[in-house]
Each structure stands twice: as structure tokens, then as C-alpha cells.
Amino acid sequence: MKTHTHLDFADAQRIVNASIEAAASLGLAVSITVLDPAGHLVLLARMDGASFQTPDVARGKALTSAMMKKSSGIIESATLARMTLTSFDDGRLPIQGGLPVFSGNQLVGAVGVSGCTPDEDEAIARAGIDAWAAAA
């Protein structure tokens with residue numbers, strides 16, 4: 001297995017392409033954001049028909065996952081349980097649909113998806129990550 005320190009552009013393209021394929025197979029239009037471990041943008045794609053706010057929401061979900069090294073859905077649950085966690089002013093968005101990407105135990109990036117239900121967003125992000133992992 002290839003060791004990664006971060007997702008590069010080719011990795012991001014593989015993730016985005018697989019995520020787009022997963023969304024299209026469900027008849028959905030989404031935005032997909034891939035970030036490096038520091039939360040910097042590697043690639044962003046907005047499918048035709050995805051609403052205007054989805055790129056920002058997808059980035060916020062991915063940023064949450066990159067910074068917390070957990071699914072944004074886990075952070076959403078913690079936020080709902082303890083409302084004092086809701087004052088994020090750095091772009092994080094604790095809403096399901098963002099997933100961290102690991103190579104072994106090392107965080108190499110994060111993926112965020114926005115445009116449909118939280119479960120669908122997360123499933124589409126997972127499809128992209130799975131395609132990347134299968135090729136690694």
C-alpha cells in the first residue's frame with residue numbers, strides 16, 4: 001500500500017469522480033470538497049444543479065472533519081448534546097457529510113459533501129474515499 005502524507009490533486013480527482021458517480025447514480029446533484037490535513041482546499045466540484053450554497057457547506061463539513069479528525073456527524077451529535085460547542089467562527093460546520101481520510105493512522109485529508117440529506121451526503125463522501133483507498 002502506498003504511504004500518503006496528504007491527498008494530492010490526483011487523489012482528490014479520484015475521490016471527486018467517484019463521489020460524482022455515486023451522486024449521479026442516485027439522481028442527486030451535490031458539491032464535493034477535498035481538503036488537505038491542514039484544511040486547505042485541494043479540489044472542489046459543484047455538479048450541475050447543485051444549489052449555490054453547497055460548495056461552502058461542503059467545505060465547512062470537510063474542515064470540521066480535518067480539524068477534529070472525526071466524522072462531522074460525530075461532531076454534530078456532540079454539538080447537539082452540548083450546545084456550548086456551537087460557536088465555531090473558523091469555517092467549521094458540524095453537520096453530517098464530512099469525513100476524515102486516513103492512510104494508516106495518519107490523517108491525509110478530508111472530504112465534505114453537500115446537496116442532499118445528511119445520510120446521502122456522508123454515503124457519497126464515503127464512496128469517494130473508498131474508491132481512493134481501493135486504488136492506493
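Biologist: How many salt bridges does a search of the whole structure find?

Modeller: First, this is a predicted model, where local features need pLDDT of at least 70, side-chain atom pairs count only at pLDDT 80 or more, and totals for chains, interfaces and linings use all residues. Residues are numbered from 1 along each chain as its sequence is written, and side-chain values use heavy atoms, leaving out hydrogens and water. A salt bridge here is a side-chain nitrogen of Lys or Arg within 4 Å of a carboxyl oxygen of Asp or Glu. By that rule, the search of the whole structure gives 2.

Biologist: Which residue meets Lys61 in a salt bridge, and how many residues apart in sequence are the parts tied together?

Modeller: The partner is Asp121, at 2.7 Å from N to O. Helices are DSSP runs (H or I, at least four residues), numbered from the N terminus. Lys61 sits in helix 2 (residues 54–68) and Asp121 in helix 4 (residues 118–135), so the parts tied together are 60 residues apart.

Biologist: Are Lys61 and Asp121 buried or exposed?

Modeller: Buried means under 20% relative accessible area, exposed over 50%, and partly exposed in between (1.4 Å probe, protein chains only). Under that scheme, both Lys61 and Asp121 are buried.

Biologist: What does Arg126 form a salt bridge with?

Modeller: The closest N and O atoms of this pair are 3.9 Å apart. Arg126 is partly exposed because its relative accessibility is 37%. Its partner is Asp130.

Note on methods. Helix = DSSP H or I, 4+ residues; strand = E, 2+ residues; numbered from the N terminus.
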